[in-house]
Amino acid sequence: IVMYVIRLGIDGMMCGQCEAHVKEKLQTVKDALIIKPSHYRKSAEILSPRSIPEEEFLKALEGSGYRLMSYAVEQREKEPLLYRLKHRK
């Protein structure tokens, strides 16, 4: 399975509560399976079976007070362990 790791730089997160808000917003993006925001790194890492365009994340964060500062996608050939554990049958 080909998976994609999407790294977003996000401005405006100050605490764990901010991380929860950002995660809630990003969960509205189709195929964003695992979302790990970090206010320490001012970023979020998303695991997805497709390369989600930057515009979808911009739309998800619109009006939230958080700003998308950077966007990068990396393709992975194997399923990460976290994905396998979460989607075990």
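Reply: The scale calls a residue buried under 20% relative accessible area, exposed over 50% and partly exposed in between, with a 1.4 Å probe and protein chains only. The model is predicted, and local features need pLDDT of at least 70, side-chain atom pairs count only at pLDDT 80 or more, while totals for chains, interfaces and linings use all residues. Residues are numbered from 1 along each chain as its sequence is written, and side-chain values use heavy atoms, with hydrogens and water left out.

Me: In which loop is lysine 42 found, and what is its phi?

Reply: Lysine 42 is found in the loop between S2 and S3. Its phi is about 55°, a positive value although lysine 42 is not a glycine. Its relative accessible area is 42%, which means that lysine 42 is partly exposed. A positive phi, near 75°, also belongs to glycine 63, which follows H2.

Me: Let us turn to the helices. Which residues of helix H1 are buried, and why do they line one face of the helix?

Reply: An α-helix has 3.6 residues a turn, so residues three or four places apart point the same way. In helix H1, residues 16–26, the buried residues are Cys18, Glu19, Val22 and Leu26. Viewed down the axis of H1, these buried residues fall within an arc of 100°, so they line one face of the helix. The arc is that of the directions from the helix axis to the C-beta atoms. On the face of H1 turned away from the buried side are the exposed residues Gln17 and Glu24.

Me: What covers the buried residues of H1?

Reply: The cover is read from contacts, that is, heavy atoms within 4.5 Å. For the buried residues of H1 it includes strand S1 (3–11), strand S2 (34–38), strand S3 (43–48) and helix H2 (54–61).

Me: Which residues of H2 are buried, and which exposed residues are on the face turned away from them?

Reply: Phe57, Ala60 and Leu61 are the buried residues of H2. They cover an arc of only 90° around the axis, so they are on the same side of H2. The face turned away from that side carries the exposed residues Glu55 and Lys59. Among the elements covering the buried residues of H2 are S1, H1, S3 and S4.

Me: How many salt bridges does a search of the whole structure find?

Reply: A salt bridge is a side-chain nitrogen of Lys or Arg within 4 Å of a carboxyl oxygen of Asp or Glu. The search of the whole structure finds 7 of them. In one, arginine 7 pairs with glutamate 74, with the closest N and O atoms 3.0 Å apart. This pair links distant parts of the chain, as arginine 7 lies in strand S1 and glutamate 74 in strand S4 (residues 67–76), 67 residues apart. Arginine 7 is partly exposed at 34% relative accessibility, and glutamate 74 is partly exposed at 32%.

Me: Which residue forms a salt bridge with lysine 30, and which meets arginine 50?

Reply: Lysine 30 forms a salt bridge with aspartate 31, the closest N and O atoms being 3.3 Å apart. Lysine 30 is exposed, with a relative accessible area of 57%. The side chain of arginine 50 meets that of glutamate 56 at 2.8 Å, N to O. Salt bridges that share partners also join Arg7, Lys36, Glu45, Glu74 and Arg76 into one network.

Me: Finally, how many disulfides does a search of the whole structure find?

Reply: A disulfide is a pair of cysteine sulfur atoms within 2.5 Å, and the search finds 0 of them. Cysteine 15 is in no disulfide, and its nearest cysteine sulfur, that of cysteine 18, is 3.6 Å away. That distance is too far for a bond. Cysteine 15 is partly exposed at 32% relative accessible area, whereas cysteine 18 counts as buried at 11%.

Note on methods. Helix = DSSP H or I, 4+ residues; strand = E, 2+ residues; numbered from the N terminus.
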